[in-house]
Amino acid sequence: MAITNKWHISRDDLTGRFVLLPTVILTFVFVYAFIFFTIYISFTDSRLMPSYGWVGMKNYVKMFQLSHWHTALKNFAIFSVLYISISTLLGLFLAIMIDWSKLGERLFRPIYLYPMAISFIVTGTAWKWFLDPGIGLEQIMHTWGFVNFKFNWIKTSDKAIYTIIIAAIWQVTGYVMTMFLAGLRAVNHATIESAVVDGAGIWKLYTRVIIPQLGPSFTSVFVILGHMAIKSYDLVIALTNGGPGRATEMPSTFMYSYTFTRNQMGIGASSAVFMLLLFAIIIIPYIRSIVKES
Amino acid sequence: MTIKDTMRLHKTAEVVNMIIMVVFAIFFLTPLYVMVVNSFKPLSEIRGGNMLAFPVDFGVEPWKKAWSEAQIGVQATGLRPYFINSIRMVIPAVFMSTLMGSLSGFVLSKWQFKGDKFLFGLILFGCFIPFQIVLIPTARVLGTLSLAGTTSGLVLVHTVYGLGFTTLFFKNTYDSFPSELVQSAQVDGAHFFKIFRDIILPNSTPIIVVSVIWQTTNIWNDFLFGVSFGDATSQPMTVALNNLVSSSTGVKEYNVHFAGALMAALPTLTIYLVSGRYFVRGLMSGSVKG
């Protein structure tokens with residue numbers, strides 16, 4: 001019986017697999033087949049349209065000789081380091097503050113988190129004009145009497161990337177805070193009580209007892225911020241459109257402009273493959289842990 | 001439990017805590033405030049004045065102009081047609097991805113088979129990828145299907161790349177439903193679809209709300225697919241807003257830009273204010289619990 005049972009598939013099991021089929025087929029075509037197609041294109045002489053002349057590693061070699069790509073990598077490094085570290089620290093700090101506050105969760109959490117519900121094109125527009133030296137912050141300070149105040153980073157080649165970082169941190173910090181707040185609520189309370197009984201001060205309580213228990217929250221935060229950093233595109237387009245010049249080029253804007261406006265599809269595909277590799281390093285261990293958990 | 005259950009803050013510390021929270025609230029609200037006040041000002045008040053000041057000459061002209069007169073691309077149609085494009089794209093895509101996600105989540109949770117976890121991982125991977133890796137083949141396939149530049153094409157793309165999230169939402173929820181529920185229904189002779197319709201769906205309302213809110217917010221706010229695969233007849237609101245704001249011809253009408261930005265923000269912001277709790281659930285299910 002046991003042996004025959006093992007091979008027995010009920011009608012409902014079959015129905016289930018059939019129901020799952022569209023999702024599986026769409027995923028395999030639109031995700032995996034498409035990834036392989038893009039990888040293939042990155043080894044071809046495609047320009048305006050996909051073409052299939054094999055050129056080996058030539059696109060990758062060319063890409064790494066382009067100053068635009070160097071700018072994109074440099075900006076990506078600056079962006080991800082500052083974006084991840086500052087929003088993590090700020091998010092953790094705000095989560096602790098909210099945890100202490102009486103009105104915190106009801107009143108302040110919605111205020112800190114609302115930027116996540118809005119398009120980057122909208123928030124990019126707000127920040128673009130708010131940071132514009134002619135009408136925004138600089139002008140505001142002048143009308144308040146600080147006539148020598150200067151803030152023209154958004155128009156300065158070597159500073160503009162930092163304005164994107166400011167806006168990106170502003171947008172995501174509430175999300176980071178929400179993740180840490182959930183972590184704080186899951187901390188083992190007995191450990192807090194015994195530390196308090198032992199006379200530990202607030203600083204020691206957080207650094208020795210509470211924060212060390214937030215490991216899973218830190219993992220979530222780093223992975224989510226890391227993959228958002230790789231994907232960030234809309235905000236750059238809305239805020240600086242890659243400028244001034246191409247000073248705020250990122251891998252995502254490089255990919256788009258080489259593929260669709262400069263007609264260098266092979267190089268565009270190479271940059272997309274590079275982004276996927278970065279992404280895979282971050283996300284695959286993480287997806288394994290989500291699947292294991294469920 | 002929160003730390004308040006064990007410890008009390010000193011009165012001074014409580015005041016400092018409050019001040020910090022208010023300062024950050026101001027920081028987070030400033031861009032929204034700037035958009036609102038300046039969308040009701042005449043242009044001269046923005047150019048010569050202080051962006052943080054209230055409008056002196058209050059008027060809804062910028063809103064009217066952004067909605068129906070502003071130059072978007074080559075045509076002076078205002079944002080209205082693009083707002084409609086977004087609605088026509090969001091509704092079917094949200095409906096289909098939620099329906100397919102609930103069915104897939106049900107199968108992956110309650111009709112296990114060899115390799116189902118691996119398959120789930122493969123599906124999940126698809127919703128996190130940097131979409132630059134699929135832009136070239138997607139453009140080609142939409143072209144082959146004659147869906148390039150159409151709302152239907154965008155609906156297809158958003159449905160497919162939303163499946164990972166919706167499947168995750170429903171699978172996680174159904175995992176907490178007792179398996180006996182399904183088994184006893186089977187013993188009573190109920191088949192797959194009857195179980196799904198009579199037992200699973202009636203208990204799925206909260207997660208359907210989460211999925212609909214998450215998908216609506218994501219698809220409404222999308223820019224990359226809209227700009228890559230939309231044309232003048234199908235571009236969504238975000239793309240039109242970007243065209244309006246970044247247009248280099250003519251006078252920069254900041255007040256009209258702000259009014260347009262608020263129009264693009266209002267639908268998702270309203271959803272957030274009305275049902276923030278469900279939005280947070282959607283956000284959090286993409287993260288491993290602590």
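**Exercise 1. Find where A:Asn263 sits in chain A, then work out what its phi looks like and whether it is buried, partly exposed or exposed.**

Start with the location: A:Asn263 is in the loop between H13 and helix H14 (265–293) of chain A. Keep in mind that this is a predicted model. As background, most residues other than glycine have a negative phi.

**Exercise 2. Describe the peptide bond from A:Gly243 to A:Pro244, and find what A:Pro244 touches.**

Look at omega first: it is near 0 degrees, and the bond from A:Gly243 to A:Pro244 is cis. For context, most peptide bonds are trans. Then place the proline: A:Pro244 lies in the chain A loop between helix H12 (234–239) and helix H13 (251–261). Now skip the neighbours within four places in sequence; A:Pro244 is in contact with A:Lys155, A:Ser157 and A:Ala160. Take A:Ala160 from that list: it is 84 residues from A:Pro244 in sequence, while their C-alpha atoms are 7.6 Å apart in space. Finally, A:Pro244 has 15 C-beta neighbours inside 10 Å, so it counts as partly exposed.

**Exercise 3. Compare the span of H14(A) with its expected value, and locate its kink.**

H14(A) has 29 residues. From first C-alpha to last, H14(A) reaches 40 Å, close to the 42 Å expected at 1.5 Å a residue. Now follow the axis along the helix: H14(A) has a kink of about 40 degrees, centred on A:Ala280.

**Exercise 4. Work out how many residues each chain puts into the A–B contact, and what the chain A side is made of.**

Chain A supplies 93 residues and chain B supplies 85 residues. On the chain A side, helix H2 (residues 11–41) gives the most, with 19 residues. Sorting the residues of that side by type gives 58 nonpolar, 25 polar and 10 charged.

Technical notes:
Residues numbered from 1 in each chain as written. Chains lettered and ligands numbered in written order. Predicted model: local features only at pLDDT ≥ 70, side-chain atom pairs only at ≥ 80, totals over all residues. Helix = DSSP H or I, 4+ residues; strand = E, 2+ residues; numbered from the N terminus. Contact = placed C-beta atoms within 7 Å. Nonpolar A, V, L, I, M, F, W, Y, C, P; charged D, E, K, R; others polar. Expected span 1.5 Å × (residues − 1). Bend = angle between axes of the 7 residues up to and from the residue. Buried ≥ 20, exposed ≤ 12 C-beta atoms within 10 Å, placed from the backbone.
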